[in-house]
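Visitor: I would like to go through this model and ask what stands behind the labels attached to it.
Guide: Ask about any label, and the value will be set against its criterion.

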Amino acid sequence: MTTVTGHDAALQTFDRTTARWGRLTMIVGLLISLAGPAYLVFFSGLEVDQTKILTAFLAIAGTFAVIWIVEPLTYYPILGQASMYQAFMIGNISNKLLPSALIAQSAVNAKPGTRRGELAAVMAISGAAMVHLFSLLIFVGFMGTWLVSVIPEDVTKVVQTYILASVLGAVVVQAIVSLKQLRATIIAIVVSASVVFLLVPAIPSLAFFSTAIAVIATAVLAWFLRDRSARLLDDSEDAQLADTRNR
Amino acid sequence: MHIPTAFDSGSTDILAAANTPILWICALGVFAVIIVQTLIYVRAVRQAAPAVGMTSDELKTSFRTGAVSAIGPSLAVVLVAVALLTVFGTPAVLVRIGLIGSVSYETAAASIAAGTMEAELGGPTYTQSVFAVAFMAMSLGGAMWMLATLIFTPILKRGDAKLRRVNPAVMIVVPGAAMLAAFFALGFAELPKSGYHVVAFFSSAAVMGACLFLAKQLNLKWLREWALGIAILTALVLTYVAVSSGLFAA
């Protein structure tokens, strides 16, 4: 469309407002989220070797850098500009925000990718955000903190020591089931097991970056060993899907 | 010279450092920013709605539907978050696991960070200094997600064909494989620590598998949402029983 009607102007205002304030609130959120740990590191009197932060950050980056970049690209067509700034600050996108948005869109007969769908999604994510903030404040902030103060010390000790193993056992299964990529799963198991049980015991200095090594090796192998016959089909389907979303 | 405070680099009393008032203020600050953002957005939607023929009732329905469908998933997140309170303290759990990030990425990041200092989360090597570095590093990691969003969203909005035309196979295969490898590598690294770690890891995996299987067979959506919390709690209970009974005691 070349002529700017009143309706277009209203939507342009919406885009401008959500882009400006979405970005601004996200930048403020980002800074506040860094202020807490920065206080601990620089001003609390704890002796922290700052090169350790860089090392730790690099190890995390080696593992997750791909996902930092790919996730925003993946969610953009589904969420639209405005909701992007909500979703990546509120978190828990795939397990909470997306389902909320989709259910709300179908409740008001708005299709994803349309303007109606975009507005419905913003409202739904706003509703979800409010519920989420209050349940976190009440059940984790107040009741959780109280609960931790009254549970016996031997229970706390067990939770602290074994929580990571308990989280990872379930998360591994969840990742396998939700991704449904048999080939990549097998490659990931073989590569990770070789890194953890063979490479690191042989060369202990690699332990720092063992996860990053496993991730990069798996990603490269999974790419070269991917199922190419399925790819052509996916290509054309995704391109079509992207085209319809663009409108 | 060291002024005696709640802070002591070598102390393993993580919560003394992790629950300090300043961290609480920062956590509540993030809550406030999200509330402000929501108010601005809702106002913007109200003004734009007539242009696409959406009634005020439809907007209310969308908001309410979004809120109601978030109740289950939110409480499921709460359950997992409470289990992690003793490791990260309340403010860090609220911001990192409750909001910006998610359970899996943030615990993975913290564990990787602790690993670079030859320490283990929750173990005797998990001192206040290690916590501070791990918290800083996981927060920087979370900031990268936001930074990527801030950079890519305007570019995508302008409809940059190059970004949209990234080979879809790359977008599906590579991140999936990276995620699987990250969780497998971290999970496997837990196993040699002790027999109890093996119990925790495999009981959690088994319960998760069972929950997801039942959820699919019986079409129970709530079970899928709660599976992670149920698996973690069951694994912790079983591990506690194993520890108490001295199963692997030397």
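Visitor: Which domains does the assignment give for chain A?
Guide: In this predicted model, the assignment for chain A gives domain 1 as residues 7-150 and domain 2 as residues 181-247. The centres of domain 1 and domain 2 of chain A, taken over C-alpha atoms, are 26 Å apart.

Visitor: How many residues of domain 1 of chain A are in contact with domain 2 of chain A?
Guide: 7 residues of domain 1 of chain A are in contact with 10 residues of domain 2 of chain A. A pair is in contact if the two C-beta atoms, placed from the backbone, lie within 7 Å. On the side of domain 1 of chain A that touches domain 2 of chain A, there are 3 nonpolar, 4 polar and no charged residues.

Visitor: How is chain B divided?
Guide: Chain B has domain 1 at residues 1-165 and domain 2 at residues 166-250. Between the centres of domain 1 and domain 2 of chain B, over C-alpha atoms, there are 22 Å. Their contact takes 12 residues from domain 1 of chain B and 12 residues from domain 2 of chain B. On the domain 1 side, the elements giving two or more residues are α3 and α6 (103-116) of chain B. The largest share of that side, 6 residues, comes from α3(B). By class, that side holds 8 nonpolar, 3 polar and 1 charged residues.

Visitor: What elements make up chain A, helices or strands?
Guide: Chain A has 8 helices and 0 strands. From the N terminus on, its elements read α-α-α-α-α-α-α-α.

Visitor: How does the radius of gyration of chain A stand against that of a compact globule?
Guide: The radius for a compact globule of 247 residues would be near 18 Å, but chain A has 23 Å. Along its principal axes, the C-alpha trace of chain A spans about 70 × 55 × 35 Å. Of the 247 residues of chain A, 49% count as buried.

Visitor: How many residues of chain B are in contact with chain A?
Guide: 141 residues of chain B are in contact with 145 residues of chain A. On the chain B side, the largest share, 23 residues, comes from helix α7 (residues 128-157) of chain B. By class, the side of chain B that touches chain A has 99 nonpolar, 37 polar and 5 charged residues.

Visitor: Where do α3(A) and α3(B) meet, and at what angle do they cross?
Guide: The axes of helix α3 (residues 93-107) of chain A and helix α3 (residues 56-83) of chain B come within 8 Å and cross at roughly 145°. The crossing of α3(A) and α3(B) is right-handed. Among the residues making the contact are A:N95, A:K96 and A:P99 of α3(A), and B:T61, B:S62 and B:T65 of α3(B). By class, the contact of α3(A) with α3(B) has 7 nonpolar, 8 polar and 1 charged residues.

Visitor: Why does A:N92 count as buried?
Guide: The criterion for a buried residue is 20 or more other C-beta atoms within 10 Å of its own. A:N92 has 23 C-beta neighbours inside 10 Å, so A:N92 counts as buried. A:N92 lies in the loop between α2 (50-90) and α3 of chain A. Phi of A:N92 is near 50°, a positive value in a residue other than glycine.

Visitor: Why is B:L191 called partly exposed?
Guide: The label partly exposed covers counts between the exposed limit of 12 or fewer and the buried limit of 20 or more. B:L191 has 18 C-beta neighbours inside 10 Å, so B:L191 counts as partly exposed. B:L191 is found in the loop between α9 (168-190) and α10 (195-217) of chain B.

Visitor: Which residues are in contact with B:L191, leaving aside neighbours within four places in sequence?
Guide: B:L191 is in contact with B:H197, B:V198 and B:F201. B:L191 and B:F201 are 10 residues apart along the chain, and 7.6 Å separate their C-alpha atoms.

Technical notes
Residues numbered from 1 in each chain as written. Chains lettered and ligands numbered in written order. Predicted model: local features only at pLDDT ≥ 70, side-chain atom pairs only at ≥ 80, totals over all residues. Domains from an automatic or database assignment. Nonpolar A, V, L, I, M, F, W, Y, C, P; charged D, E, K, R; others polar. Helix = DSSP H or I, 4+ residues; strand = E, 2+ residues; numbered from the N terminus. Rg over C-alpha atoms; globule rule 2.2 N^0.38 Å. Axes fitted to C-alpha atoms, helices over the stretch in contact; angles between N-to-C directions. Left-handed = near helix turned anticlockwise from the far one by under 90°.
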